[in-house]
Amino acid sequence: MHPPLTLHRHPMCAEIIEQFQQCHLDHPLGKFFGKCTDLKVKLDRCFRAEKAVKRKANFEESKKLKERLQAYRKETAETIQ
């Protein structure tokens, strides 16, 4: 199973999504018998890579926010005393 195939949510995989959707249109019965499986595998790999990129970006952002929070807490602790 894959997430909804909207192009604006998956810009890294847009080309493969279009090919996969076209394969389903070109082969309405063949899609049930593995005609589009190779594109499905490519799509799954692309989604995994896209998720890894997003995960890394989110981790970096969280590190920055954590550092800002620690600096703020240290600053407020110093002003209270």
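We'll begin with the whole chain and then zoom in on a few side chains.

**Stop 1: the whole chain.** Keep in mind that this is a predicted model. Switch to cartoon view and look for two helices, with zero strands to find.

**Stop 2: the surface.** You're looking at about 6,900 Å² of accessible surface, and carbon and sulfur atoms own 58% of that. As for what's tucked away, 16% of the 81 residues count as buried. Contacts are worth a thought here too: among those with a separation of 6 or more, 51% link residues 24 or more positions apart.

**Stop 3: the charges.** Colour the charged side chains. Side chains of opposite charge can pair when their charged atoms come close. How many salt bridges are there in this model? The count is two, so let's visit both of them.

**Stop 4: K40 and D44.** Select these two and show their side chains. They meet in a salt bridge, 2.7 Å from N to O. The two residues are four apart in helix 2, which means about one helical turn separates them. D44 is partly exposed, with a relative accessible area of 23%.

**Stop 5: E60 and K63.** Move along to the other pair. The closest N and O atoms of this salt bridge are 3.9 Å apart. E60 and K63 are three residues apart in helix 2, so again about one helical turn lies between them. Is E60 buried or partly exposed? It's partly exposed, at 34% relative accessibility, and K63 counts as partly exposed as well, at 36%.

**Stop 6: E50.** Last one! Select E50, which sits in helix 2, the stretch covering residues 37-80. This residue is buried yet has no salt bridge. The nearest side chain of opposite charge belongs to K54, 4.5 Å away, while a salt bridge needs the nitrogen and the oxygen within 4 Å. What does E50 touch, leaving out residues up to four places away in sequence? Show R9, H10, P11, M12 and C13, and you have its contacts.

Terms used: Residues are numbered from 1 along each chain as its sequence is written. This is a predicted model: local features need pLDDT of at least 70, side-chain atom pairs count only at pLDDT 80 or more; totals for chains, interfaces and linings use all residues. Side-chain values use heavy atoms; hydrogens and water are left out. Buried means under 20% relative accessible area, exposed over 50%, partly exposed in between (1.4 Å probe, protein chains only). Contact means heavy atoms within 4.5 Å. Accessible areas come from the Shrake-Rupley method with a 1.4 Å probe; for residues, only the protein chains shown count as cover. Lys and Arg count as positive and Asp and Glu as negative; His and the chain ends are not counted.
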